[in-house]
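Have it open while you read, and go through the points in order.

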Amino acid sequence: MAGKRSRDPAMGIWQGSITDKKFGGNGMKTKITELLQIEAPIIQGGMAWVAEHSLAAAVSAAGGLGIIGAANAPADWVRDEIRKAREITDRPIGVNVMLMNPNAPEVAQVVIEEGVPIVTTGAGNPGKFIPMW
């Protein structure tokens, strides 16, 4: 979408890249942008109940890394949010897994099943999940 930017009225978000020179971007490349396959070294936090699919998809569509905050949600909600985000953008999206969530093992499995390339964690030790991710 480089060089193109348009507003998607249905989603209320801007489509286009934050690194497009036309829109003030500088096409910044760093080790992080290469590792995460994003255009700008901007990583949106996985804020519980705020970082849902539309925010994460908007950040990713713009060239950063959007992250869905799983909070204490059930695994099916997280799966739905991942799929809704992918309807908006084909760019990388991550999921933040709150490890104190009693549903954390099921959410961790959803992340694998849905092929989420980037996982962040909080509120606990992710050690037991690392081998599966």
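**Notes on salt bridges, helix packing and surface**

1. (A salt bridge here is a side-chain nitrogen of Lys or Arg within 4 Å of a carboxyl oxygen of Asp or Glu.) Both residues sit in helix 3, 3 residues apart, which is about one turn of the helix. Glu81 is buried at a relative accessible area of 4%, whereas Lys84 is partly exposed at 37%. For these labels, buried means under 20% relative accessible area, exposed over 50%, and partly exposed in between (1.4 Å probe, protein chains only).

2. Before going on, a word on the source: this is a predicted model, where local features need pLDDT of at least 70, side-chain atom pairs count only at pLDDT 80 or more, and totals for chains, interfaces and linings use all residues. Residues are numbered from 1 along each chain as its sequence is written, and side-chain values use heavy atoms, with hydrogens and water left out.

3. How many salt bridges does a search of the whole structure find? The count is 6. One of them joins Glu39 to Arg91, with the closest N and O atoms 2.9 Å apart. Glu39 is in the loop between helix 1 and helix 2 and Arg91 in the loop between helix 3 and strand 4 (93-98), so this pair ties together parts that are 52 residues apart in sequence. Arg91 is buried, at 18% relative accessible area, while Glu39 is partly exposed at 26%. As for the element numbers, helices (H or I, at least four residues) and strands (E, at least two) are DSSP runs, numbered from the N terminus.

4. Have a look at Arg83 and Glu114 too, whose side chains meet in a salt bridge at 2.8 Å, N to O. This pair links distant parts of the chain, with Arg83 in helix 3 and Glu114 in the loop between helix 4 and strand 5, 31 residues apart. Arg83 counts as partly exposed at 45% relative accessibility, and Glu114 counts as buried at 12%. Through shared partners, salt bridges join Arg79, Arg83, Arg86, Glu113 and Glu114 into one network.

5. Now the helix packing. The axes of helix 3 (residues 75-88) and helix 4 (residues 104-113) come within 8 Å and cross at roughly 30°. (Axes are lines fitted to C-alpha atoms, for helices over the stretch in contact, and angles run from 0 to 180 degrees between N-to-C directions.) Helix 3 and helix 4 are therefore roughly parallel to each other. Angles under 35 degrees count as roughly parallel, over 145 as roughly antiparallel, 65 to 115 as roughly perpendicular and the rest as oblique.

6. Helix 2 (residues 53-61) also packs with helix 3, at an angle of about 40° and with the axes 9 Å apart. That makes helix 2 oblique to helix 3.

7. Val50 is worth a glance on the way into helix 2: Val50 lies in the loop between helix 1 (31-36) and helix 2. At 47% relative accessibility, Val50 counts as partly exposed.

8. Last, Trp133, which lies in the segment after strand 5 (118-122). Trp133 counts as partly exposed, at 31% relative accessibility.
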